[in-house]
Structures are given as C-alpha cells and as structure tokens.
Amino acid sequence: MTSPTATPDKRIMLRVHGAGLLGLGMFDAYVFIVPLWAVMIGANATEVGILVGARSLLPGLFTIHGGVLMDRFGPRGVMTVFILLIMALVPLYSFLPSFVPLLALQLVLGLAMTLQWVGAQTMIAQLSKGETTYLGHFTFAARIGTFIAPLIFGLLWDLTSPRVCFIAVSVWGAILLLLILGIPTTPEARAKAPVRLRWSDLIPRFADYRDTLALLAIPAIAITISTCFLRNTTSAMQGSIYVVYLKDIGLTGTVIGLLFSAIEGASGLGALIAGRVTRRFAPMTTLIAVTAIAIALMAITPLLGGVVALLIVAQLGRGIAQGIHQPVTFSIQTLAVPPHRQGSAIALRVTANRVSSLIIPPIMGIIADVWGVGSSFLILGTMLVGLCFVLWLVASRITPPPPP
C-alpha cells in the first residue's frame, strides 16, 4: 500500500534512518543481555519470565501518553529525556545482582527504551507520509542495528564481562543522542504555534487515552493492532524462554548472538521487499499470513534438535516474515490517521506490543516450569496460530475502504 508524496530531504532521512538503526539496536542489545544476566545470577525460568515481562508494564500503561506528548511537543525532545535516563540507569544492572532491584530497573528502563523507539518511528511516519518504500528503508536500517547489536554484545559477553556490556549500552545511547539532536523538526511542526511544556502536561489525561483508544474504531487500525500483538509474541518468546532454552542445550553467548542477528538481518531483507509484496497481495491478508508464519517458526524450535544450522534457517524465515510485517503495518496506519495523530497511532501499536511482552514471558515461564521448556514453545505456539486464523476470519468480513 503506497501513497504518492514529495521526496523528503535526503540528509534528514539519513539521520532518521540512523536513529532507527541505533534506537532499535540499543533496545535489542538490552533485551539480549538482561536474560543472560538473570540466568547468570541464578534466576529460574519463571523469574526470567517475570523480569522480561516487567519491562513492558509501564510501557503498557504510559506509551499512549508518551505518543500524545510527541504529537504535542515533537518526538526529538521526548527522545532526548529518555535516552539520558537510559544512559544513567543501564550500568546499574551489574551492581545489583538480585531479583528485586533488577525488577525495579526493568520497570523504568522498559518505558525509556520503548519511548525512544516510539520517537524514531514517529519521525519517519511524519516524513514518509505513508509511503511503503520509505518505511521499508527505515525498517531495513533499524534491522541493521538489531543485526549488529547481538553480535557485538554476544562477543562482549563472552570476551569481557556483563559490566562492560551494560556500560556499552550507555555508550550506544550517547551516540544515538548526538544523532537525534541534529534532526530538525518537520515543516508542519515549525508552522505550528509553539507550545510550552507545563508540569501538568506530564500527567496522563483520561481524554488523551480515550481519544487514542478511539482509533480502534477504524478497522485498519484494529486489525493491524491485533496482528502486532500476535506477531510480537515471538519477540517476547525470543527475549525470554528462547534464551533459557538455548543456554540449556549448551549454546554459547556468541552463538546465541548469531541466532539473534540472523533474524534481524533477514528482517531487513523482508522490509525491502514489503512494497513488492503489497502490490501482489492484500495488505491485511499479508499481515495475518506473515504473523502466523513467524509464530509457527518460533513454536517448532524444540523440534529442531538443537542443530544450529536448522535454528538459523528458522530464524531467517521468521525474520523475513517479520520484516515484511513492520513497514506494511506502518503504511496502513500512517494512511489511516491524520499527520497530527501519528504519535498516538504508533503509541497504540507499541502499547499492544508491550502488553504482549508483559503477559507472554511469564506465561511461558510458568508453562516451562510445569511441562518443560520444549513443551512451552509448542503449547503456546499452537494457541497463537489458532488466534491468527480467527483474526483472518474476522478480517475477511470487513470491506476495505476505497483507495485514496
């Protein structure tokens, strides 16, 4: 799905693509090393699931508020605040090797990591105006970040120490901060009358949540949010019980990092072909199909026998599916809402993702402790693929709007 638009300034687009690369890369580095640290200090599968899920609690509650602030004041300022918070707090992980303080850090940093990434997505949504090709390029750039981050941090984990890994996340954040400070505001934002931030603006408002949730009345938004929730379950699995499973079968941090990088590299390729795919298949059908494929490829992990080559193939297939999913979702949602609601729409989508990340890891951790780690993949995967089929039945009954 595409929409004709004027060509954005290439220098600005390059900086925004860099923000996507560094922003999502930093998020994945954080997601990668925290469960490894939890396993190292003796956490069981349930505790790992709780820690991983905790990072999505505050985003599930406040990402909508963050998106509204970005619509009101611009994404750059909001991103700056949360990147500084990340830089200050991430190194504390290695100084607090027990469950309760780690849980507190997960709560705060989960929100900070989420909102800096929402800011990058808001920037590209404002600049691209729904053009799938530009959104695909942004996704590709972001996937370069998530491709190199696990490799870098896997090597750092094996060759240095956890403390060095956490400090490296702060350094990564400092580079991101320098980049976004060089991104100017959009012409539309400059044309608006300046709005002064007040302390009352920092308090979430019921009306903002009401208005944002009202976007679900738009069929395109409702379906895409549902597919995002289901697709994100695979990322929630990968950031929690998947790491536990790979450690249990004896894989090193470097090999685990390679598996994480494989999916991210493939996601970048999937993003590049998303525009072509939507010219051949209906966007909604594409979203649901690639979601089901991604879930199925994660669910079969214990059936692959711990063979690294097969694990890589599964990650590559899942990566292509997820890479197609993201820019198509961006395009549908960007075209479905006006420019001044882009931050809210992105925040709504990210909220669904965070709710998924909040509930899936603890559920998988409990299933793993009761029925075994391998069984948890198969049990949850079967349920989620079934939900994809139900969503397809619902989507097939909705008449798509005429093209603009």
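**Burial and overall build**

Guide: Of the 404 residues of the protein, 55% count as buried. This is a predicted model, where local features need pLDDT of at least 70, side-chain atom pairs count only at pLDDT 80 or more, and totals for chains, interfaces and linings use all residues. Residues are numbered from 1 along each chain as its sequence is written, and side-chain values use heavy atoms, with hydrogens and water left out.

Visitor: Why is Thr224 called buried?

Guide: Buried means under 20% relative accessible area, exposed means over 50%, and partly exposed lies in between (1.4 Å probe, protein chains only). Thr224 has a relative accessible area of 0%, so Thr224 is buried.

Visitor: Which helix holds Thr224, and what is Thr224 in contact with?

Guide: Thr224 lies in helix α10. Helices are DSSP runs of H or I with at least four residues, strands are runs of E with at least two, and both are numbered from the N terminus. Contact means heavy atoms within 4.5 Å. Leaving aside neighbours within four places in sequence, Thr224 is in contact with Met284, Leu287, Thr329, Ile332 and Gln333. The C-alpha atoms of Thr224 and Leu297 are separated by 21 Å.

Visitor: How many helices and strands are there?

Guide: The protein has 16 helices and zero strands.

Visitor: How do you know that the radius of gyration agrees with a compact globule?

Guide: The radius is taken over C-alpha atoms, and the globule rule is 2.2 Å times the number of residues to the power 0.38. For 404 residues the rule gives a value near 22 Å; the protein has 20 Å, so the two agree. Along the principal axes, the C-alpha trace spans about 55 × 45 × 40 Å.

Visitor: What share of the contacts joins residues at least 24 apart?

Guide: The count takes contacts between residues at least 6 apart in sequence, and 88% of them join residues at least 24 apart.

Visitor: What makes Asp28 buried?

Guide: Asp28 has a relative accessible area of 13%, so Asp28 is buried. Asp28 is found in helix α1. Beyond neighbours within four places in sequence, Asp28 is in contact with Thr146 and Glu264.

Visitor: Is Leu36 buried or exposed?

Guide: Leu36 has 3% relative accessibility, and therefore counts as buried. Leu36 lies in helix α1. Leaving aside neighbours within four places, Leu36 is in contact with Trp157, Val243, Lys247 and Ile256.

Visitor: Why is Ile366 called partly exposed?

Guide: Ile366 has 46% relative accessibility, so Ile366 counts as partly exposed. Ile366 is in helix α15. Ile366 and Val78 are 288 residues apart in sequence and 36 Å apart in space, C-alpha to C-alpha.

**A covered helix**

Visitor: What makes helix α2 mostly covered?

Guide: Seven of the 10 residues of α2 (45-54) are buried. They are Ala45, Val48, Gly49, Leu51, Val52, Gly53 and Ala54. Their cover includes α1, α3 (57-73), α5, α11 (241-248) and α15.

**Cavities**

Visitor: What makes a space a cavity?

Guide: On a 1 Å grid over the protein atoms alone, a cavity is a set of points where a 1.4 Å probe fits but cannot get out; lining residues have an atom within 4 Å of a point. Grid points are joined across faces, edges and corners, and a volume is the space filled by probe spheres set on the points. The structure holds three cavities of 30 Å³ or more.

Visitor: How much space lies in the largest cavity, and which residues are closest to its centre?

Guide: The largest cavity holds about 480 Å³. Of its 29 lining residues, Leu24, Arg143, Arg231, Asn232 and Ser235 are the closest to the centre. Helix α10 gives the largest share of the lining, seven residues.

Visitor: How do the lining residues of the largest cavity divide?

Guide: Ala, Val, Leu, Ile, Met, Phe, Trp, Tyr, Cys and Pro count as nonpolar, Asp, Glu, Lys and Arg as charged, and the others, Gly among them, as polar. The lining has 10 nonpolar, 11 polar and eight charged residues.

Visitor: What is the volume of the second largest cavity, and which helix gives the most to its lining?

Guide: The second largest cavity has a volume of about 70 Å³. Helix α15 gives the most to its lining, with four residues. That lining divides into six nonpolar, four polar and one charged.

Key: On a 1 Å grid over the protein atoms alone, a cavity is a set of points where a 1.4 Å probe fits but cannot get out, and a pocket is an open set with protein on both sides within 12 Å along at least five of seven lines; lining residues have an atom within 4 Å of a point.
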